[in-house]
Amino acid sequence: GLIAILSAFPAQPKTSIVRDFGKFEKLNSILSILDSAGYTSAAYYGANLNFANTGSYLRAKGFKKVLGEDDIPYTERTLWGIYDEQVLQYQAKDLKNIKQPFFALTLTISSHEPFDAPGPVVFKGSDLSQKYRNAVHYTDKCLGDYFEKVKAEPWFNNTLFILVADHSHFYPLGRADNSPERHKIPFLFYGNVIKPEYRGKVNTKFGSQTDIAATLLSQLSLPSKAFHWSKDLLNPSAPSFAFYSYD
């Protein structure tokens, strides 16, 4: 999912190009385009940067600042990594030191297995489906609190926030891997930079993470031809489809 979002490279069954040194270095990235347009960059990941070569990929793709669990101060964490609340609080504070315009990536992780996120139990029950719901609810609340906090920042009104998942999940509905419904994920553009007439609009065109590059760069009037598998979801003449694979 991360490779598809930043490099517009499709996922493959049973493998991931991010695990292959010598290959992921050759991929294009949104960062290379934004860097040439004068953007600074930073990435925040409250877990182990060595997992799946995540840190190596982010640095190779142009992030000037890459912070993981060893770089972000925290008091509590799940088995997977630092609580989302603490990572988002640190990111909001650290962005004060980042020159505008910037491209900041933050990976939330508290909704990952084993679903041991903190906070009140909203969905009763001890089965994994309910634990998953509670974990996602926690991350959702963290995002809501984050947006309330950063509204006062000078960069807020100039910022487009993109919220997207790296993949969907078996829980809570138990859909089969080969079901199209199983592969639906959230994808939102949010922020005061969106023209009022487009706020709240729903785009029914089918797409995937690989389409983020062309969609975003087109809105910034920046080139996206290097991303062969990416299409502009806001272009009325663009085809409506999404590719997924499974084994």
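Mentor: The buried residues of helix α5 are Ser-129, Gln-130, Tyr-132, Asn-134, Ala-135, Tyr-138, Thr-139, Cys-142, Tyr-146, Phe-147 and Val-150, where buried means under 20% relative accessible area, exposed over 50%, and partly exposed in between, with a 1.4 Å probe and protein chains only. Please keep in mind that this is a predicted model: local features need pLDDT of at least 70, side-chain atom pairs count only at pLDDT 80 or more, and totals for chains, interfaces and linings use all residues. Residues are numbered from 1 along each chain as its sequence is written, and side-chain values use heavy atoms, leaving out hydrogens and water.

Helices here are DSSP runs of H or I with at least four residues, strands are E runs of at least two, and both are numbered from the N terminus. Helix α5 covers residues 128-150, and its 23 residues should span 33 Å at 1.5 Å a residue, which agrees with end C-alpha atoms that are 33 Å apart. That expected span is 1.5 Å times one less than the number of residues.

Lys-141 is 22 residues from Gly-119 in sequence, yet their C-alpha atoms are 9.7 Å apart in space.

Now for the surroundings. The cover over the buried residues of α5 includes α4 (84-94), β4 (161-164) and β5 (187-190). Helices α4 and α5 pack at an angle of about 20°, with 9 Å between their axes. That makes α4 roughly parallel to α5, a label for angles under 35 degrees, while over 145 is roughly antiparallel, 65 to 115 roughly perpendicular and the rest oblique. The axes are lines fitted to C-alpha atoms over the stretch in contact, and the angles run from 0 to 180 degrees between N-to-C directions.

With contact meaning heavy atoms within 4.5 Å, Asp-84, Glu-85, Leu-88, Gln-91 and Ala-92 of α4 meet Tyr-138, Thr-139, Cys-142, Leu-143, Tyr-146, Lys-149 and Val-150 of α5. Helix α4 has buried residues of its own, among them Val-87, Leu-88 and Gln-91. Besides α5, the buried residues of α4 pack against β1 (40-45), β2 (66-67) and β3 (102-107).
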